[in-house]
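Notebook open, structure on screen.

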Amino acid sequence: MAMRLNTRHLKGFVSEHELAAIEPQVHAAHKLLTEKSGLGNDFLGWTDLPTAYDKEEFARIKAAAKKIQADSDVLIVIGIGGSYLGARAAIELLKSPFYNNMKKDTPEIYFAGNNISADYLNTIISLCEGKRVSVNIISKSGTTTEPALAFRVFREMLEKEYGKEGAKERIYATTDKARGTLKELSDREGYETFVIADDVGGRYSVLTAVGLLPMAVAGVDIDAVMGGAQKALLSVDDLEKNDCYKYAALRNILYRKGKSVELLVSYEPSFAMMNEWFKQLYGESEGKDNKGLFPASVIFSTDLHSMGQFIQEGSRTMFETVVSIGKPQLDFFVKDDPENLDGLNFLSNQNMSVVNQKAMQGTI
């Protein structure tokens, strides 16, 4: 899977001379990133993470995932923000939004500790009844309210079911390398631990154990994930050779023209959690000093029947970034209906993905 930036629909909104004018700023930004200088440079570990990751820990992640697959029916992933969004987004996109309901030989995965809802927590507890459970607690400090509360509940549940010795074999902590409440507790109790590096912020941590362990448990090929990330490294700052920088430049140009909202659009429901991750990445990174684009999202064609009216004829404050997924994992052939009561035979005798693509093209 490779992503390509298509800018043909920007004609009339962004000119070539505007891209040329912003290019020196792109070069400057590239220099700050690659040299790891400037403000926030102590959190730039993500820039070379696809090649500089800990290979020994990567092997332990795969071993732990196999153990969880062998001895558990359910994995509870406890975390909030960057400690859960990336993993959940990847699993729903690469597997299915219905992953837990599918016939498979991997455990169900439920995400807890991302809210303070009693109903939500009780529902997950009830889903665990009669099943073998393991827990992956993800927190740099161990004191963030939502995950700390959830971990207290599930830790007690495991200790009651398996005893302290048995529970410690089912609790995996992804946390700080050397300090923090969760690290201290893990060392004391003997939990297996994985590291959130000091120079990798939570929202950028999906290519560490934070995202890789839940993905591996779900059966995602994390070697392929890292391979794809290596191909996407920010190696050149030429706008015609690096779509990432070109996209960033175009966003800045549109923002300076008065666009205050970026709408991320996809035509696949499996992309819904990727949308949520996008909103966290951009909102938390850019929403500072009374500045920044507001990140929003929709799933079409569903939201054409709700938000579509506003997007087409409401205030002109937004631009859309449309993610087009070229090929579904499994297509569906639309057959002719002899009676044609709904008048939709003009859509038949082709794959549904073709109809979805036509809906996207027509909307654009």
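I started with Lys62, which counts as partly exposed because its relative accessibility is 31%. My cut-offs: buried is under 20% relative accessible area, exposed is over 50%, and partly exposed is in between (1.4 Å probe, protein chains only). This is a predicted model, so I note that local features need pLDDT of at least 70, side-chain atom pairs count only at pLDDT 80 or more, and totals for chains, interfaces and linings use all residues. Residues are numbered from 1 along each chain as its sequence is written, and side-chain values use heavy atoms, with hydrogens and water left out.

Next, the partner. Lys62 forms a salt bridge with Asp223, with 3.0 Å between the closest N and O atoms. The rule I used: a side-chain nitrogen of Lys or Arg within 4 Å of a carboxyl oxygen of Asp or Glu. Lys62 sits in helix α3 (residues 55–71) and Asp223 in helix α9 (residues 222–231), so this pair links distant parts of the chain, 161 residues apart. Helices here are DSSP runs (H or I, at least four residues), strands are E runs of at least two, and both are numbered from the N terminus. Asp223 is partly exposed, at 42%.

Which residue does Arg132 pair with? I found Asp73, at 3.1 Å between the closest N and O atoms. Arg132 is in the loop between α5 (118–127) and β3 (133–138), and Asp73 in the loop between α3 and β1 (74–78), so the pair ties together parts 59 residues apart in sequence. Arg132 is partly exposed at 35%, and Asp73 is partly exposed at 29%.

Then I checked Glu286 and Arg251, whose side chains meet in a salt bridge (2.8 Å, N to O). Glu286 lies in helix α11 (residues 272–286) and Arg251 in helix α10 (residues 243–256), so parts 35 residues apart in sequence are tied together. Arg251 is buried at 6%, while Glu286 is partly exposed at 27%.

How many salt bridges does the whole structure hold? The search gave 23.

Cysteines next. I counted 0 disulfides, taking a disulfide as a pair of cysteine sulfur atoms within 2.5 Å. Cys128 is buried at 4% relative accessible area, whereas Cys244 is partly exposed at 42%.

Asp342 counts as exposed because its relative accessibility is 52%.
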